[in-house]
Amino acid sequence: MKALLIWAVLLNFYKLLKTGDCTSTHDQVLSIQVTTHQQADIVRNMSSQYETVLWSPASPEHIRADTEVHLFVPANNLGTVTDLLKTHHLIYQVLLDNTEELIEMQTRNESSDPRSSASYYERYHSLEDIYYWINKTAQEHPDMVKVILIGSSYEKRPLYVLKLSGRQERAEKRAIWIDCGIHAREWISPAFCLWFVQYSLNFYNLNNDITEMLNSMDIYVLPVMNPDGYKYTWTTNRMWRKNRSLSKESNCVGTDLNRNFDANWCTKGASNRPCDEIYCGQFPESEPEAEAVANFLRSHKDSVKLYLSIHSYGQMLLFPYSCSNEEVPNHAELFELVQEAAMKIRRHYRNNYKYGASAKTIYLAPGGSDDWAYNLGIHYSFTFELEDRGRYGFLLPPSFISKACNEALLALKSIALRVIQKT
Ligand code: ARG
Ligand code: ZN
């Protein structure tokens, strides 16, 4: 114990010496309040110049006067970045001052930490774990779960969908589609898909809502739409967003799968530069992950009535369009659905979710799966941004998983039951 302590002190001392900065030896996340246009320019440049990673908004072009920016800054850049902020009178605070520790908390495993009593669903899981879980879940519930292989990723990993069905036979069943993990670093998203499947299987015939949902609709769940990116966030770079496809014209890796669908593809709000976080790819559905989902939905478009894509963070219940400021024909109806769902979250969990049409609620983001699904004819199409609002961002500790998932589950049930009445 004593030796460990001395070692830790020495290590910290070494880190201090190495960085030459006494403020912090840790990678931090800063919250920066941008107020003027000039400041917006500074922060925009800063987020692309240094080895920083923009957490929010998703791309520098969305930084304007009056934007709260969340920026991940590695320890070796902290001095430079904070000096620059001070020079330009930018007000900032340290949102997270020890991201390494939070990452360690997110990746810590039950077996190596007997003190933690959290269940499987209150922890984050590696890709291998999730593949294992998919198999085991299907084996344990052969009457309700089927595994469907819908395609494979750029690096040839399988894309498995779980098809959940109630035990009641119906002639022509409608269906719900839920995908998680389009963006690699949004770990709460796959955690939600696992949570939802488990909840469905455990509470079928016990909870009225889920029973009604499963009796009237099949539910397709894609737990990890971007397995290559997800794997990469576990092994190499926790902050990775895109998939891992290589580009011909650049050394930069990855396409933003939520900009790769055929909905005003690669217009304002997406980028045609492979190095950008919101790179739209070479052409619509150029990425095998997006193509696999699009193919599956095309071939099931008559039965799928409700499309749902799970992201984080920001606490928002969104519906199309993202790709334009136009209102969809059933805007008022969709607005009511998310309003009601947000109200339930507020009542039950005392938590506020924003809601509305995506382009107006966050920013223009063309090429998204929700808009594409809407245009395909799935007129109940939603994107949820789960917890939190930026306190921990992508590094949401495992102890928050259950609340984040229960909120989203409540919203999903609320919307799905309405859609069952309507369709
Ligand atoms: N934060 C998400 C993104 O940047 C927004 C999702 C809203 N829907 C959309 N189609 N963009 O992709
Ligand atoms: Zn996302």
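Cys266 comes out partly exposed in this predicted model, with a relative accessible area of 21% (buried is under 20%, exposed over 50% and partly exposed in between, with a 1.4 Å probe and protein chains only).

Cys252 is partly exposed at 25%, and so is Cys275 at 49%. Cys180 and Cys193 also pair up, with sulfurs 2.1 Å apart; here the torsion is about 85°, so the handedness is right. Both Cys180 and Cys193 are buried. Counting bonded cysteines along the chain, the pattern reads 1-2, 3-5, 4-6.

Two other cysteines deserve a word. Cys323 sits in no disulfide, the nearest cysteine sulfur, that of Cys266, being 13 Å away. The sulfur of Cys405 is 8.7 Å from that of Cys180, its closest, which is too far for a bond.

Residues are numbered from 1 along each chain as its sequence is written, and chains are lettered from A and ligands numbered from 1 in the order written. Local features need pLDDT of at least 70 and side-chain atom pairs 80 or more, while totals for chains, interfaces and linings use all residues, and side-chain values use heavy atoms, leaving out hydrogens and water.

Notes:
Disulfide = S-S within 2.5 Å.
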